[in-house]
Amino acid sequence: MDGIHDIGGMHGFGPVEREENEPVFHADWERRAFGVEFFTGSRIGTNGDQSRHAIERLPADVYLTASYYEKWMLALQTLLEETGTLSRAEIEARMAELANEETDHG
Amino acid sequence: MSGHKHNEPESDIALRVKAMEQLLTEKGIVETNAIDLVADYFENKVGPRNGARVVARAWCDADYKARLLADASPAIAELGYSGLQGEDMVVLENTPQVHNVIVCTLCSCYPWPVLGLPPTWYKSPPYRARIVREPRAVLAEFGLEVADDVEVRVWDSSAEIRYMVLPMAPEESAGKSEEELVDLVSRDGMIGVAAH
Amino acid sequence: MGELTAERLAQIIEAGHSHRREGDGSEPRFDEGQTVRTINHHPSGHTRLPRYAMGRTGTVVRNQGIFAFAHTNARGEGECPQYCYAVRFKGSELWGNAAHEQDAVILDLWESYLETP
């Protein structure tokens with residue numbers, strides 16, 4: 001698809017920004033995201049090419065503004081919905097519960 | 001390591017990942033222990049030190065270098081490195097006439113067994129957009145000036161081969177042991193955005 | 001499924017999961033050194049032929065062997081294994097006068113993306 005991911009040769013992205021002594025993961029949620037992605041595809045019957053394409057199908061503005069592992073998780077959410085494994089509504093309901101627990105115990 | 005401090009609300013994405021992990025655990029699709037193990041593997045068991053050992057061996061041993069350039073995956077496996085995102089490797093030799101650099105313009109393909117997971121800049125739009133079109137300008141930003149008569153070859157990993165660059169041994173490598181040479185090899189040298 | 005251990009996980013990762021496949025005995029359509037042109041397709045689904053290299057002329061530099069075809073695999077249409085080639089494009093073929101005359105880009109392209117010019 002002629003998507004925003006296909007950026008080889010495009011102008012306008014500015015300099016390559018590097019981070020000295022960059023850690024493998026920047027936050028605990030990135031570690032969890034990597035692990036969730038690592039195991040889920042084969043268990044729900046999707047292949048790596050379908051995972052890549054799910055990232056390509058993210059809305060262009062999301063693709064350019066979300067961080068790398070955030071894109072992985074949003075794309076995985078698409079595949080979970082399409083395979084009937086989990087709906088976005090289920091995920092967001094659980095997020096609301098978790099946020100409430102935090103507020104209660106914070 | 002953990003970005004979340006108490007009394008600060010978790011970000012949307014942190015909550016989303018936590019919710020997805022919980023729900024997938026409840027469905028028996030993922031396990032907390034397995035997630036910890038895989039993150040630990042990629043934080044601690046692989047990284048550019050692996051690739052540096054391959055390069056140092058190639059600098060010291062002409063027969064090894066010949067095997068590495070002819071069929072990289074078995075030669076890399078001789079040193080104990082193999083697996084996901086490195087099943088079918090090709091090693092690209094830098095020479096006085098040719099400088100190689102790798103990229104994945106469409107996503108983030110990278111040779112995990114020898115270099116570990118890629119740095120953020122490698123996966124970012126500026127590098128992916130620019131390195132194929134103006135490699136010399138990007139390399140100069142990394143501090144690498146390539147002479148006009150040197151060919152720059154940019155390898156866009158658009159299929160299943162994973163690439164690694166074999167840098168030229170620097171002058172200071174003379175007389176050093178293989179173990180000492182490992183310290184002269186950088187991740188960026190094996191991507192091709194540094195001399196070695 | 002039993003409890004995963006670090007050792008078992010390392011074995012799984014280090015065994016890998018190659019996409020290289022046995023062929024059906026058919027000969028490769030292109031030889032090293034041959035001039036080829038990429039197709040000019042703009043599919044709505046997944047492709048591994050980037051836009052910047054569509055409809056361009058290059059030279060086969062290496063036959064990488066036979067691999068499952070990501071293009072069909074992403075569509076759930078099966079692996080359709082086929083030869084994949086490293087194809088070298090001069091910078092000027094991709095970027096016109098802006099390219100340095102000594103620059104080249106090499107892409108790995110499955111046979112379905114290539115034709116004889």
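A salt bridge here is a side-chain nitrogen of Lys or Arg within 4 Å of a carboxyl oxygen of Asp or Glu. The side chains of C:Arg48 and A:Asp49 meet that rule, with N to O at 2.8 Å. This is a predicted model, in which local features need pLDDT of at least 70 and side-chain atom pairs count only at pLDDT 80 or more, while totals for chains, interfaces and linings use all residues. Residues are numbered from 1 along each chain as its sequence is written, chains are lettered from A and ligands numbered from 1 in the order in which they are written, and side-chain values use heavy atoms, with hydrogens and water left out.

**Chain A with chain B**

- The contact (heavy atoms within 4.5 Å) takes 54 residues from chain A and 60 residues from chain B.
- The two chains bury about 5100 Å² between them, 65% of it on carbon and sulfur atoms; buried area is the accessible area (1.4 Å probe) that two parts lose on being put together, summed over both.
- Chain A and chain B share 5 salt bridges, and B:Glu26 forms a salt bridge with A:Arg94 in which the closest N and O atoms are 2.7 Å apart.
- There are 18 residue pairs in polar contact between chain A and chain B, both residues at pLDDT 80 or more. A polar contact is a pair of N or O atoms within 3.5 Å; within protein, one must be able to donate a hydrogen and the other to accept it, and residues adjacent in sequence count only if both atoms are side-chain atoms.
- On the side of chain A that touches chain B, two or more residues come from each of helix 1 (28-44), helix 2 (48-56), helix 3 (60-65), helix 4 (68-82) and helix 5 (88-105) of chain A. Helices (H or I, at least four residues) and strands (E, at least two) are DSSP runs, numbered from the N terminus.
- Helix 1 of chain A gives the largest share of that side, 13 residues.

**Chain A with chain C**

- This contact takes 16 residues from chain A and 20 residues from chain C.
- About 1400 Å² is buried between chain A and chain C, and carbon and sulfur atoms give 47% of it.
- In chain A, A:Met1, A:Asp2 and A:Asp49 lose the most area to chain C, together 36% of what that side buries.
- The interface of chain A and chain C has 2 salt bridges and 9 residue pairs in polar contact (both at pLDDT 80 or more).
- Helix 1 and helix 2 of chain A each supply at least two residues of the side of chain A that touches chain C, and helix 2 of chain A gives the largest share, 5 residues.

**The sheet of chains B and C**

- An open sheet of 7 strands has the order 2(B)-3(B)-4(C)-3(C)-2(C)-1(C)-5(C), with mixed pairing; two strands pair if DSSP finds at least two bridges between them.
- Strand 2 (98-103) of chain B and strand 5 (114-115) of chain C are at the edges, each with a single partner strand, so one side of each has no neighbour in the sheet.
- Strand 1 (residues 35-38) and strand 2 (residues 57-67) of chain C run antiparallel, joined by 3 bridges, and C:Arg37 stands opposite C:Thr57 in strand 2 of chain C.
- Strand 2 and strand 3 (residues 82-90) of chain C run antiparallel with 7 bridges; C:Arg88 in strand 3 of chain C is the bridge partner of C:Thr59.
- Strand 3 and strand 4 (residues 103-110) of chain C run antiparallel with 7 bridges, and C:Lys90 stands opposite C:Ala104 in strand 4 of chain C.
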